[in-house]
Amino acid sequence: MKKNLLMCLVAAMCVLALSACGGQANNASSSAADSASSAATEATIEDGQNPLMNFVGPYACERAQVMIEAQDLEGAKATVTWGSSAAESTVWEMEGTFDADTLTMTYDKCKKTNLVLKENGDAESEEVVYEDGTGTIVFTDGNPLTLVWNDEKEHAADDMVFTWAA
């Protein structure tokens, strides 16, 4: 069940990544970006909310997708899935803190995993490459919302721009 769920997640991320980088905008994603952008002044620590809530959701570029989640008042979680092919992908799981003044998520202890799937969607192999990655994700409060990922461990995606994909 877990392996099938993983395959569905990878497939969904590939579809979102392809649609986001295809240069085609649709009304649904424009509306989502508009509402997310206008919400950028709504969630604040003073109101008892994590300001990262203004940027939560999926972002995509090329064959990569980033899912942003807020944790507690200042915590942040990002999961990057980068498809090498239909059967192979790399996943970075990172947790850190969000600075509302600089719109920057700083993370450490990032875990990178290489996945290879069988044709039926089951995992053929799952290799943890490292668990000590560090870096930043910087958000822009524009229309559309974007983020820039800077990976300090391998420099896999330095200055790579991801666009809101919901």
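Biologist: Over how many bridges do strand E4 and strand E5 pair?

Modeller: Strand E4 covers residues 88–99 and strand E5 covers residues 104–117; strands here are DSSP runs of E, at least two residues in length, numbered from the N terminus. Two strands pair if DSSP finds at least two bridges between them. This is a predicted model, in which local features need pLDDT of at least 70, and residues are numbered from 1 along each chain as its sequence is written. For E4 and E5 the pairing is antiparallel, and the number of bridges is eleven.

Biologist: Which residue in E5 is the bridge partner of Ser89?

Modeller: E4 and E5 form a hairpin with four residues between them, and Leu103 in that turn has a positive phi of about 55 degrees. Across the two strands, the bridge partner of Ser89 in E5 is Leu115.

Biologist: Which residue in the turn between E5 and E6 has a positive phi?

Modeller: E5 also pairs with strand E6 (residues 123–140), in the antiparallel sense and over eleven bridges. Within this pairing, Lys112 stands opposite Tyr130 in E6. The two strands form a hairpin with five residues between them, and the turn residue with a positive phi, of about 95 degrees, is Gly121.

Biologist: Which residue in E3 stands opposite Val66?

Modeller: Strand E2 (residues 64–71) pairs with strand E3 (residues 75–83) in the antiparallel sense over eight bridges. The residue in E3 that stands opposite Val66 is Val80.

Biologist: In what order do the strands close into a barrel?

Modeller: Eight strands close into the barrel, and their pairing is antiparallel. The order is E1-E2-E3-E4-E5-E6-E7-E8.

How values were computed: This is a predicted model: local features need pLDDT of at least 70, side-chain atom pairs count only at pLDDT 80 or more; totals for chains, interfaces and linings use all residues. Side-chain values use heavy atoms; hydrogens and water are left out.
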